[in-house]
Amino acid sequence: MSEEISVAEAYSKGRTIFLGLELLIAPGALVPRPETELLGTTALDVLSQMNLPAPRVIDMCCGAGNLACAIAHYAPTALVWASDLTDGCVEVARRNVAHHVMADRVSVLQGDLFSAFSGLKLDGTMDMIICNPPYISEKRLEGDRAHLTELEPREAFAAGPYGLSIHMRVIKDAPRYLRRGGILLFEVGLGQDRQVISLLERSKAYETIRAITNEAGEGRVVMGHTTPQA
C-alpha cells in the first residue's frame with residue numbers, strides 16, 4: 001500500500017527526484033523508483049572508467065527519461081539516444097529533456113525497442129546500452145502484483161510468462177548496436193540476476209558478465225561486455 005500511496009503522491013505533485021535530479025512525471029509513464037538508481041550509478045561509474053571524450057549511450061525502455069537525463073547530467077559530454085514504445089513515456093521523457101535543457105545531447109525516439117533507431121545508422125557505434133525493462137510475469141500481474149497497474153501503465157511491468165521477454169530481445173539485438181567491447185547493463189527483478197546472467201552467457205555474444213548488488217546484497221543490475229567477435 002505504501003508504494004501505491006507514494007506513486008499517487010508523485011503523480012499529484014507532477015514531479016519526483018531521481019539521482020538528485022528533479023524529474024517531471026505524469027500518468028502514462030512509470031514513476032522512477034529508488035532501486036533504479038543502482039543502474040544509474042553503475043552506468044556512470046563504468047563510463048567514468050571508460051574515460052571516453054564523448055561516450056555514446058542508448059537508454060532502452062526509457063520511461064520518464066530518468067536514466068537518460070541522469071547520464072547526460074553527470075556525464076556532460078555523453079550523447080544519449082532514448083527510446084520507449086508508448087506515447088505517454090515518450091512525451092514525458094521529452095519534457096524532461098527540455099526541462100534540463102539537454103535536447104542537443106539527448107534524443108527521445110518512439111518504437112518497439114531497437115526499431116526506434118531504424119535509419120539512424122547507429123549500428124556498431126554505441127559504447128553502452130542501459131535498459132530498465134518490464135520484468136514482472138503476466139501471472140504475477142494477475143495475482144500478487146495486480147495493484148501495480150492500478151495507477152501506472154501495464155506496459156511498464158508486463159514481460160511475458162517469466163518476466164524476461166524484454167531482456168531476451170535486448171540481449172539478442174544489442175550486439176548489432178554496441179561497438180566491440182561495448183557494455184550492456186540491465187536492471188533485473190529480485191531473484192532474476194542468475195537467469196539474466198545465464199541468458200547473456202548462452203548468447204555467446206558477451207563476456208565479463210556479472211551482477212551488481214544493492215546494499216542488501218541483492219543482485220539488481222547485470223552487465224556484460226560484447227565479445228570481440230560480436
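Predicted model: local features only at pLDDT ≥ 70, side-chain atom pairs only at ≥ 80, totals over all residues.
Biologist: What makes up the protein in terms of helices and strands?

Modeller: There are seven helices and nine strands. Buried residues account for 55% of the 230 residues, and the protein exposes about 10,700 Å², 52% of which is supplied by carbon and sulfur atoms.

Biologist: Why does Arg-210 get the class it has?

Modeller: Arg-210 has a relative accessibility of 44%. Buried would need a value under 20% and exposed a value over 50%, so Arg-210 counts as partly exposed.

Biologist: Where is Arg-210 found, and which residues is Arg-210 in contact with, leaving aside its neighbours within four places in sequence?

Modeller: Arg-210 is in strand E8. With those neighbours left aside, its contacts are Ile-197, Val-221, Val-222 and Met-223; each has heavy atoms within 4.5 Å of Arg-210. Leu-200 is ten residues from Arg-210 in sequence, with 9.8 Å between the C-alpha atoms.

Biologist: What is the order of the strands in the open sheet?

Modeller: The sheet has seven strands in the order E5-E4-E3-E6-E7-E9-E8, and the pairing is mixed.

Biologist: What makes E5 and E8 edge strands?

Modeller: Strand E5 (106–110) and strand E8 (206–213) each pair on one side only. From one strand to the next, the twist averages 15°.

Biologist: How do you know that strand E4 pairs with E5?

Modeller: Two strands pair if there are at least two bridges between them. Five bridges join E4 (residues 79–84) to E5, so the two count as paired. These strands run parallel, and Asp-84 stands opposite Gln-110 in E5.

Biologist: Which helices lie on strands of the sheet?

Modeller: Helix H7 (residues 193–203) packs on the sheet and touches E7, E8 and E9, with its direction at about 170° to that of E8. H2 lies across strand E3 (56–60), strand E6 (126–131), strand E7 (178–187), E8 and strand E9 (219–226), and runs at about 160° to E7.

Biologist: What share of the contacts between residues at least 6 apart in sequence joins residues at least 24 apart?

Modeller: That share is 67% in this protein.

Technical notes: Residues numbered from 1 in each chain as written. Heavy atoms only, no water. Helix = DSSP H or I, 4+ residues; strand = E, 2+ residues; numbered from the N terminus. Buried < 20%, exposed > 50% of the residue type's maximum accessible area, 1.4 Å probe, protein only. Areas by Shrake-Rupley, 256 points an atom, 1.4 Å probe, with all protein chains shown as cover. Axes fitted to C-alpha atoms, helices over the stretch in contact; angles between N-to-C directions.
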